[in-house]
Number of protein chains: 2
Amino acid sequence: MDKILRIDMGAPGGPKVKVDGLGSYAGLGGRALTSMIVATEVDPMANPLGAENKLVIAPGLLSGTAAAMSGRISIGCKSPLTGGIKEANAGGQPAQVLARLGYAAIVLEGNAPEGKLYKVYINKEGVKIEPADDYKMLPNYDLIDKIKASYGDKVACISIGPAGEMKLSAASIACTDMEFRPTRHAGRGGVGAVMGAKGVKVIILDDSGLQNREPKDPEKFREANKKWVDGLRSHSVTGTALPTYGTNVLSNIINESGGFPTRNFKEGKFEGVSAISGETFADIETKRGGNPTHGCHRGCVIRCSGIYVDKNGNYLTKQPEYETVWAHGANCGIDDPDTIAMLDYLDDNYGLDTIDMGAAIGVAMEAGIIPFGDKEGAINLIKEVGKGSYLGRIIGSGAAVTAKVFGVERAPVVKGQAMPAYDPRAIQGIGVTYATSTMGADHTAGYCIATNILKVGGFVDPLKPEGQVELSRNLQIATAAVDSTGMCLFIAFAILDQPETFQALIDMINAFYGLNLDADGVADLGKKVLKAERDFNKKAGFTAAHDRLPKYFYTEKLPPHNVVFQVTDEELDSVFNF
Amino acid sequence: MDKILRIDMGAPGGPKVKVDGLGSYAGLGGRALTSMIVATEVDPMANPLGAENKLVIAPGLLSGTAAAMSGRISIGCKSPLTGGIKEANAGGQPAQVLARLGYAAIVLEGNAPEGKLYKVYINKEGVKIEPADDYKMLPNYDLIDKIKASYGDKVACISIGPAGEMKLSAASIACTDMEFRPTRHAGRGGVGAVMGAKGVKVIILDDSGLQNREPKDPEKFREANKKWVDGLRSHSVTGTALPTYGTNVLSNIINESGGFPTRNFKEGKFEGVSAISGETFADIETKRGGNPTHGCHRGCVIRCSGIYVDKNGNYLTKQPEYETVWAHGANCGIDDPDTIAMLDYLDDNYGLDTIDMGAAIGVAMEAGIIPFGDKEGAINLIKEVGKGSYLGRIIGSGAAVTAKVFGVERAPVVKGQAMPAYDPRAIQGIGVTYATSTMGADHTAGYCIATNILKVGGFVDPLKPEGQVELSRNLQIATAAVDSTGMCLFIAFAILDQPETFQALIDMINAFYGLNLDADGVADLGKKVLKAERDFNKKAGFTAAHDRLPKYFYTEKLPPHNVVFQVTDEELDSVFNF
């Protein structure tokens, strides 16, 4: 992993490949690498769909090693959704395979001429780029079927669906999972639209004949990895809750807290929650012959995912994540698991962010396009996106544009990106993260739910403003570091509560690279990443005014707690004081 | 004109009227008054469609007097199109009538409950507000017909069409002209959407029984007004060019300069220009029995407007302005006057900004929705807006949203507002105004065309960056002052070239109000207005990054001069150094 693969998609005569050393990027992985490359090489004033933007795809520092949970891949660029810097990461197989191929990053530069579409094939021999006209406008599942026929199912793919080709602002990038299905998405910020603008339909990664990356100190590495796995297995969230019910274990919990945004963020509790809870999904999956406990990539020991099958026992989609269940469920007033699973499948197939899609449908429901609770209507809306109809293009541009086009005031967005499944009035810590994250509204950027609701890493009262800024600041710093390791963010539960598990992670990195990193060094990395991202955003025109929630979160009381967001502007402006 | 009429459209139990004194707003009119009220009373972080926004309608300082050319009305708010402060002004009758009624401003506050629509009737007895359900979704011409039946044609109206009711970001506010037609629009920035959000369909102004406002020194006022009229009549632009051919005298001139944006700003000359020039329009109007020389309000001595009739001699629309002819003509590759006139009529009828509509259609053509030059296609697109179809809502949201939804990189917008009819690469001075104006891309905010092309007020080479910042700065300051007097901006040609005509204007203001204003005082007013506007925008999140043209104007050479925009960022950032 000591080289960077650069492909100029706009080179005269066709795509041109160049392999660089790491240079000043040495020692960086995942989000640290994508954000540093974007911050260094992309003009903050560039048009996100223009040739000047770059799409950077980077496995984490520990990806491609034997380290458990190291399968996240980071994808970065200037975002067409927010206009700021973006890193969206995904699970699945590509991180491990790309790392074993030796690439710290793939950087797609320039734009292919309008109408040209390519596939990129990478194996140990090198890189092959060919026209992919026969893949044009294929949904992800159909695309992967075609690729399977040509390349087998041992490869890993990074691809876009029709939404990315149409350059829609909510287009995702799909990564294939262990079953070679396109189910793991770098969902947020329209990264798929940038890949579409580059003219790349799919990157096929083939690590045949290659082995895991070797640590500098194999013995220490093995030892640390054992402690690491033990720590993850012994924590109640990563050892029990997530494997049993998946991320959707949260539906009941967040609903109980009164922070489960319902019908476009009008209420904090959803009367239909029990029908769509993680418990119910697991029950359905078990009864129908699906599987409620399943990993998204090899080396996962949490296995929070699952397989959702239809009434006849046929595969429908992977077990929908909590945020997807919320977005297409409570936020749309829909309480039917099969509808939600179908929407999840359609989002994955067309290549769309489930969060911005659920938020956009919620806004469309508020505008009266379809009523809240309309299951068929919601499915049709996503199908419209796949078709590229005018309505579909509106929805596929995300919740902010949908609100603008339909004249709806209540758009739950920050920096143009839709809020996820936690109402910032009833869970004030996550509101600080939504407001101030460099990414726009993003729960993963500083997951205060852990401490506000799950009492992991201590407890800060979710209904009060006190302590939220410090909580969010620390989590944002830690997350920026974790996102650079290739580690799944869910390890955070264990490392926040168990110092020895955190130490095991640091030991693994040190043993692998021959370093002497400590906890402060990890925090320093996180701070460095955040500062580079924030500096990019500042140059792109972001100010304190962009670090705010929409006005109505300050004035409209959320039942049942009847609370508004109370963290002051001055406090929000202190998040990045480090 | 010593009182402000405030109407709280969201008051419990229905709209509530309150009449205030001027207080700290004393001495302000037009744009100075709308911008000061918005800057003082509206939270810069407010949602433009939310109850916190205010719509301020203010005649100028000299409106309602015998002063020639004093018929402009300013309409201000936080803009749903740009997200910043907005003042859009229009001709027609309302300024004079509202001023005679004694109101320095109408301020619409709060939002009527969803689905409620009202009409506001104002005469010397007071204010009457009634439900206007029978006016719902009426286009402006149909609305005015209905009003004529109830109120006669001696009133003046300020109204929105379906676009405003749909809260589309490019919705205009219509003002009736001397023939009681809804042809004069406060077009830019989506002011119509804000009126729609307030729930006001139309304001009917009736000055029966009222006279012109009386100056403090009638003798001096009369004398100054005479010099004023003489000055306007003797200048070649205001005395000859504008009366003869209207504003569209510019098509040939700007095309000749190579700065006539053609087919979505791809070229600077349009091969079809002669078919759509002001000369051709005047010829058609004369031959068919229309009228090429006609004022938009009583008291106009320039009479740059006209009456366009169809092949059978029936009224079709007022003579389309240069910017409209360009937007629907060269920018869409359309060279047919009847098509352009029909588009102008449709824009007026639905209540839409012709500039953002032409730019949006140009972007849609670039996206391949219809081909460049498709006359019927362009008419259908505007009809779609009137219908409120999904496609129509996209187009009606303006060029920036249209580009986002269709994944088009080349969107000719600044701060979300479409550039008008002058390419900033071939006419660099106007590029400085586009980039830095508080209003988004706006030619009227600092009309450098005067000095770059028409050689009014001296000459600054349009193709070179030198001198443009100073030119734009001075014009932006002067314009902010002129926009506060109620004077039509076209007086600028005469006052820039003829010091005695400028003095006559100052003498009129002094004679009317008993003041001792001088040229420096006028400039001070302009600076004060700009500073308040810029301060509002800063609080709303605007930075130097927003004072830039889109990237492609810096990289894509415009034929035939093959120039890019060359004014540096540092120079742009110095515009407001005063």
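In this predicted model, chain A can be laid on chain B with an RMSD of 0.0 Å by a turn of 180° and a shift of 0.0 Å along the axis; the superposition is by least squares on the C-alpha atoms of residues with pLDDT of at least 70 in both copies. The two copies are thus related as by a two-fold rotation axis. Among the residues of chain A, Y390(A) comes closest to this axis, with its C-alpha at 2.9 Å.

Residues are numbered from 1 along each chain as its sequence is written, and chains are lettered from A and ligands numbered from 1 in the order in which they are written. Because the model is predicted, local features need pLDDT of at least 70 and side-chain atom pairs count only at pLDDT 80 or more, while totals for chains, interfaces and linings use all residues.

**Contact between the chains**

The contact takes 31 residues from chain A and 31 residues from chain B, where two residues are in contact if their C-beta atoms, placed from the backbone, lie within 7 Å. On the side of chain A that touches chain B, the elements giving two or more residues are α15 (390-396) and α16 (399-406) of chain A. Helices (H or I, at least four residues) and strands (E, at least two) are DSSP runs, numbered from the N terminus. Since 100% of the interface residues of chain A are also interface residues in chain B, the copies meet through the same surface.

**Contact between the domains**

The domain assignment, which is automatic or from a database, gives chain A domain 1 (3-205) and domain 2 (243-413). Their C-alpha centres lie 25 Å apart, and 33 residues of domain 1 of chain A are in contact with 28 residues of domain 2 of chain A. On the domain 1 side, α4(A) gives the most, with 3 residues.

**A sheet of chain A**

Three strands form an open antiparallel sheet in the order β13-β14-β15 (chain A); strands pair if DSSP finds at least two bridges between them. Strand β14 (residues 305-309) of chain A pairs with β15(A) over 3 bridges, and T317(A) in β15(A) is the bridge partner of Y308(A).
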